[in-house]
Amino acid sequence: MRRCAIYARFSTDKQSATSAEDQVAACTLRAEREGWDVAAVYTDVAISGASNRRPGMTQMLQDAASGSFDIVLAEAIDRIARNQADIATIYQRLEFAGVEIVTLTEGAVNELHIGLKGTMSALFLKDLADKIRRGQRGTVARGRVPGGLTYGYEVVSRIGPDNQLVRGLRTVKAEEAAIVRRVYAEYLGGSSPKMIAHRLNIEGVPSPRGGEWRASSIQGSRSRMLGLLYNPVYAGRYAYNRVRMVRDPDTRKRLSRVNGATDLVMVDMPELRIVDDATWQAVQDEAERRAAGPMNQQRRPKHLLSGLLACGRCGGSMVMVRTARIGCTRHREAGTCDVSGSIRRDELETRVLGGITEQLLSPDAISLLVRSYHEDIERRRETDGAAGDAIEARIRKLDAAIGRLVNAIAEGGADFLDIREALAARKIERDQLDRQLREARAVPIIALNPRIVEAYRARVRKLAANVHGTTAENREVMEQLRSIIERVTLTPRNAGAWEIEVHSSLGAVVDMGVSRAAGATPVKKLVAEEGLEPPTPGL
């Protein structure tokens, strides 16, 4: 008799808790008709099919590898996963273990099902996200706020004509609004966000999160319209669709990306105004003036290698001595160095970029990347373990509170309705924490993605290809490359050739692939002569 494992999942707390039970019951009937022995049942309750933290799926894949069953039976492919990469990975792992996938909807699953249904599931998630955004736009159009609570405001509780709570209503909170006006006045008076935060902390003024004030809470982000200085809601204009959320294919974390101006929706909400238009605009002008001031300009390097070049003979700085040419400053200004030659800046940057790219794509660098990636996975498991301990402690407290409330009901407490509501609230919280605990304890088997190496290679090549230019993206790429290069030493050789020694850190670039520093590599010499191609690995 063939052994069968049943897998069931439903997505959100808003769905019926019996959904998983119904799926298991239907699959059990199918197994009985086929004459299969149900060896195990795995469920993931209120967990999205796009998540890679599914304890039931994790355990099922582990048991499949040990030969515990021959078939995985589910209601449909989208119950197993909605992410295209996950569906393919799960299918490959089960196939490798000799386990067949059968669903009530599709029957025996093969590669064609995986491709087509994976695409359909991905389209479903996109369509669902579009529907959520459409609903939020309708909320904004009706003068309500679909997002979280912003500093300076409080939630308004109101029951609508249908006896349902009207959501998204806000009103100005007087004491916090006074702090907002004070911040604007002090900023226009010349104070920096850091100075303002320092004064607020000295006076014991609670921050938006209840702790200490930080300069970032005040400064925020102009592109994202965040922070006290840049959020237009303080001038009575609510900005919707400022950012969009994307999911990192490796970590599955949701990350925000700034939307373009054409996607931004600005709605007038004069009832939320805290500062007048003149004050708001004055703050924006002052922030722009400070950002473009001489102090900020001095901090920004003009070229990729500015301040990083040294003479190999005397140790002095190598700087621009003529238009677009680099030479020794001690030779030019003090005459204490005999290095009289110069090298074109663009040629030097090309050689350094070529050498760095080859070095970072070498087998040693890839090996370091993979090792660091797995170390990072282990570190995350330890962090998740600590989070799980905290959740367990909270669950124990809730269990004790639930026990006390049950006893109070049994003893005939006077405020029966209040006790019943409190009991229901604690049970809901306990169920939510129990699901979080199971997710925290689950090992993300379906997340160990071999594409991390390809992603790393693509990022290294993108760095070298996008360093030139004047856009904000180009400047960001240049800063990333400068963080890799610690020092570049130039030593003249015969016939106008130059030996270029690049002191660099692989860790800074590996950090792009694994989100952590991995240490520095030994210094390597990269010899480049004018007119030659970038050096090959090992030079």
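Which side chain does the side chain of Glu106 join through a polar contact of 2.3 Å? The partner is Thr103. This is a predicted model, so let's take its features one at a time.

**Around Glu106**

Glu106 sits in the loop that links strand 4 (100-103) and strand 5 (107-108). With a relative accessibility of 15%, Glu106 counts as buried, because the cut-off for that label is under 20%. Here is what its side chain gets hold of:

| Partner of the Glu106 side chain | Distance |
|---|---|
| Thr103, side chain | 2.3 Å |

**Helix 7**

Now over to helix 7, which spans residues 193-202 and has Pro193, Ile196, Ala197 and Leu200 buried. Look down the axis of helix 7 and its buried residues fall within an arc of 100°, so they line one face of the helix. What do they pack against? Helix 6 (174-188), helix 8 (215-219) and helix 9 (277-291) are the neighbours that the buried residues of helix 7 pack against. Turned away from that buried side is a face with the exposed residues Lys194, His198 and Ile202. Just past the end of helix 7 comes Gly204, with a positive phi of about 75°.

Strand 13 and strand 14 (residues 325-328) run antiparallel and are joined by 4 bridges. As for Met318, its bridge partner in strand 14 is Cys328.

Conventions: Residues numbered from 1 in each chain as written. Predicted model: local features only at pLDDT ≥ 70, side-chain atom pairs only at ≥ 80, totals over all residues. Heavy atoms only, no water. Buried < 20%, exposed > 50% of the residue type's maximum accessible area, 1.4 Å probe, protein only. Helix = DSSP H or I, 4+ residues; strand = E, 2+ residues; numbered from the N terminus. Arc of directions from axis to C-beta. Contact = heavy atoms within 4.5 Å. Pairing = 2+ DSSP bridges. Polar contact = N/O pair within 3.5 Å; in protein donor to acceptor, adjacent residues only side chain to side chain.
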